[in-house]
Amino acid sequence: MIERGTSTAQVDPPAGAPAKPVTPPRAAPAKRKGGFLGSSNGRKAVMAVTGAALVLFLVGHMAGNLKAFFGADSFNDYAAFLRTMGEPMLPHRVALTIVEVGLAVAIVLHMWAAVTLARRASRARPVKYAAKRRSQAGGYAVHTMRYGGVIILLFVVYHLLDLTFGTVNPAGWDGTPYERLVQGFAPERWWVTAFYAVAVVMVGLHLRHGLWSAFQTLGLASGRSYRPLKAVAVTISAVLVLGFLAVPVAVMIGVIK
Ligand code: HEM
């Protein structure tokens, strides 16, 4: 007789028979929603690709800024070139607009991947580590990346109002790009240079950690390549910081005027 509530699949073996191990039915492989982009590896790839695009922009931007050392014409010509590149094939300023939209998309995707990866990591480990560790996963790096990223974003907003639109710049919208530069970082406005310096150092720290994480994600940073790649991340970041600092500091101390 089968009792109520018992399963026909789990009938007790007759007394004396060897017990058969019960194998649970195999679950169908879990399919992650969203495919590759839904996976942590996909999000890390998004961070790496958008981060690489932003690094390329920064290298080009820093090199362009250094034109200020060659005088007003050199700098203004460079600013004009940015607006006329692609002409006559493309209408005026279209190539620059494409770069700007690409940059904005890269920044949004970079932040989206960072925030969703961080949320996933804290969901996977809701209890904090008991020991204070100076590791990638907790503490210094997370704080530098998270708060550093927010400060960089605020800086970019101020920076656009300052040197692109002239809203918060003494030379205003009507001034030439060189005038905005020289008047914006004038000695009496030393605090603007100080703010830029803090932001640029943040960019450097962000970059150093970001490059290093990307090398690790790509599986490059192991064994013999560990130290050289760490040096590559530090060197690229340091060159960018010094290159970016050079122009505001030179204006502030009167080398560029
Ligand atoms: C600290 C030294 C820097 C100087 C002197 C500087 C200078 C300038 C100037 C003059 C422009 C306007 C270009 C033009 O309209 O012709 C500009 C635009 C811009 N800068 Fe910087 N910049 C610096 C650092 C940075 C940093 C660290 C970032 C990013 C983290 C950045 C992001 C941008 C962006 C997104 C634009 C707008 C580009 C566009 O017009 O599409 N800049 N910068």
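Which residues in α2 meet which residues in α4? The close-ups below, all taken from a predicted model, start with that pair.

**View 1. Helix α2 (residues 40-65) crosses helix α4 (residues 94-124).** The two axes come within 9 Å and cross at roughly 145°, and the crossing is left-handed. On the α2 side, look for S40, R43, K44, V46, M47, T50, G51, A53, L54 and F57; they meet L103, A106, L109, H110, A113, A114, T116, L117 and R120 in α4. Sort the residues of this contact by type and you get 11 nonpolar, five polar and three charged.

**View 2. Two spans carry a "transmembrane region" label in the UniProt record, an unreviewed entry.** Residues 45-64 and 94-118 are among the stretches that this annotation covers. Residues 45-64 are 100% helix, with end C-alpha atoms 29 Å apart. Residues 94-118 are 100% helix too, and here the end C-alpha atoms lie 36 Å apart.

**View 3. Here's helix α3 (residues 72-84), from end to end.** Just after α3, check out G86, which takes a positive phi of about 90°.

**View 4. Helix α3 packs with helix α6 (residues 177-184).** Their axes are 8 Å apart, at an angle of about 120°, which means α3 is oblique to α6. A72, F75, N76 and A79 in α3 meet P177, Y178 and L181 in α6. That contact has six nonpolar residues, one polar and no charged.

Note on methods
Residues are numbered from 1 along each chain as its sequence is written. This is a predicted model: local features need pLDDT of at least 70, side-chain atom pairs count only at pLDDT 80 or more; totals for chains, interfaces and linings use all residues. Axes are lines fitted to C-alpha atoms, for helices over the stretch in contact, and angles run from 0 to 180 degrees between N-to-C directions. Helices (H or I, at least four residues) and strands (E, at least two) are DSSP runs, numbered from the N terminus. A crossing is left-handed if the near helix is turned anticlockwise from the far one by less than a right angle, and right-handed if clockwise. Two residues are in contact if their C-beta atoms, placed from the backbone, lie within 7 Å. Ala, Val, Leu, Ile, Met, Phe, Trp, Tyr, Cys and Pro count as nonpolar, Asp, Glu, Lys and Arg as charged, and the others, Gly among them, as polar. UniProt positions are given in the numbering used here, feature names are shortened, and annotations may be inferred rather than shown by experiment. The expected span of a helix is 1.5 Å times one less than its number of residues. Angles under 35 degrees count as roughly parallel, over 145 as roughly antiparallel, 65 to 115 as roughly perpendicular and the rest as oblique.
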